[in-house]
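The sequence and the structure are shown first.

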Amino acid sequence: MIIDIVKKYEPITSEQIADKLNITRSALRPDLAVLTMIGVLEARPRVGYFFTGKVPKNLISEAIRDIKVDKIKAVPSVITESTSVYDAIVTLFLTDVGTLFVIGEDGYLSGLVSRKDLLKIAIGNADIHKMPVGMVMTRMPNIITVTPEESAYDAAKKIVDHQVDALPVVKLVLEGNRQRFKIVGKVTKTTITKLFVEMGQI
Ligand code: ADP
């Protein structure tokens with residue numbers, strides 16, 4: 001009701017708002033303080049309250065676009081291409097993750113394996129003690145990545161659009177004219193869910 005009144009009569013003083021609501025100014029004060037703090041209303045001294053045009057919905061979209069991947073990224077589990085499928089499965093359990101990121105001999109991102117990639121090979125006839133993950137992983141350049149400078153929204157959108165559980169957070173390294181990616185973190189469905197819960201807390 002306060003927002004509607006301000007929209008209609010702006011600029012309007014707190015006294016005038018209180019009058020329209022039939023309440024005292026002091027009863028109105030906490031609500032006005034919250035609405036100003038979250039950016040829905042703007043208070044101009046000696047003029048009154050204005051509606052900023054921001055509604056809680058676009059405040060949320062602003063917030064998730066402001067938060068950088070760098071702030072929310074988690075520690076990735078990284079293995080090398082020559083790791084056996086068996087050891088990769090053990091690592092999956094020991095580190096309690098769903099996706100393992102794979103680096104080549106040079107230490108840069110070369111691919112990743114998800115739990116279903118590993119399940120698929122494990123239920124076949126392959127000798128998983130001998131088979132390296134390099135043979136079953138999804139390989140560069142087909143890996144969807146995100147950079148630390150991108151927003152939480154960008155990362156979540158990539159996860160949804162590409163229907164994957166995890167993205168490696170990478171920094172581009174130029175070696176001559178070759179592009180390489182150094183893994184500096186990960187963003188997963190869990191990372192995004194944690195952010196969601198954090199933002200929902202009051
Ligand atoms: P799962 O299939 O185990 O539930 P995902 O949905 O993440 O896990 O993976 C689906 C497929 O997409 C797998 O083959 C996996 O290798 C591949 N994949 C997972 N993450 C990425 C990514 N960031 N970029 C490219 N491919 C990916």
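In this predicted model, helix H6 (residues 85-94) has four residues listed as buried: Val85, Ala88, Ile89 and Leu92. Viewed down the axis of H6, these buried residues fall within an arc of 100 degrees, and they therefore line one face of the helix. Phe93 and Leu94, on the other side of H6, are exposed. The partners against which the buried residues of H6 pack are strand E3 (78-80), strand E4 (99-103) and helix H7 (115-122).

**Packing of H1 and H2**

Two packed helices are described by the angle between their axes and the distance between the axes. For helix H1 (residues 2-9) and helix H2 (residues 14-21), the angle is about 120 degrees and the axes are 11 Å apart. H1 and H2 are therefore oblique to each other, and their crossing is right-handed. H1 contributes Ile2, Ile5, Val6 and Tyr9 to the contact, while H2 contributes Ile17, Lys20 and Leu21. By class, the residues of this contact comprise 6 nonpolar, no polar and 1 charged.

**Backbone geometry in the loops**

Most residues other than glycine have a negative phi, and most peptide bonds are trans. The table lists departures from these two patterns.

| Site | Feature | Value |
|---|---|---|
| Glu10 to Pro11 | cis peptide bond | omega near -5 degrees |
| Met140 to Pro141 | cis peptide bond | omega about 10 degrees |
| Asn22 | positive phi | phi near 60 degrees |
| Asp96 | positive phi | phi near 50 degrees |

Pro11 is located in the loop between H1 and H2, and Pro141 in the loop between E6 and H8. Asn22 belongs to the loop between H2 and helix H3 (25-37); its relative accessibility is 74%, so Asn22 counts as exposed. Asp96, which follows H6, lies in the loop between H6 and E4. With a relative accessible area of 70%, Asp96 is exposed.

The loop between strand E6 (138-139) and helix H8 (152-161) contains Ile144. Apart from neighbours within four places in sequence, the residues in contact with Ile144 are Lys158, His162, Leu167 and Pro168. Ile144 and Ala155 are 11 residues apart along the chain, and their C-alpha atoms are separated by 9.9 Å.

Conventions. Residues numbered from 1 in each chain as written. Predicted model: local features only at pLDDT ≥ 70, side-chain atom pairs only at ≥ 80, totals over all residues. Heavy atoms only, no water. Axes fitted to C-alpha atoms, helices over the stretch in contact; angles between N-to-C directions. Helix = DSSP H or I, 4+ residues; strand = E, 2+ residues; numbered from the N terminus. Parallel < 35°, antiparallel > 145°, perpendicular 65-115°, else oblique. Left-handed = near helix turned anticlockwise from the far one by under 90°. Contact = heavy atoms within 4.5 Å. Nonpolar A, V, L, I, M, F, W, Y, C, P; charged D, E, K, R; others polar. Buried < 20%, exposed > 50% of the residue type's maximum accessible area, 1.4 Å probe, protein only. Arc of directions from axis to C-beta.
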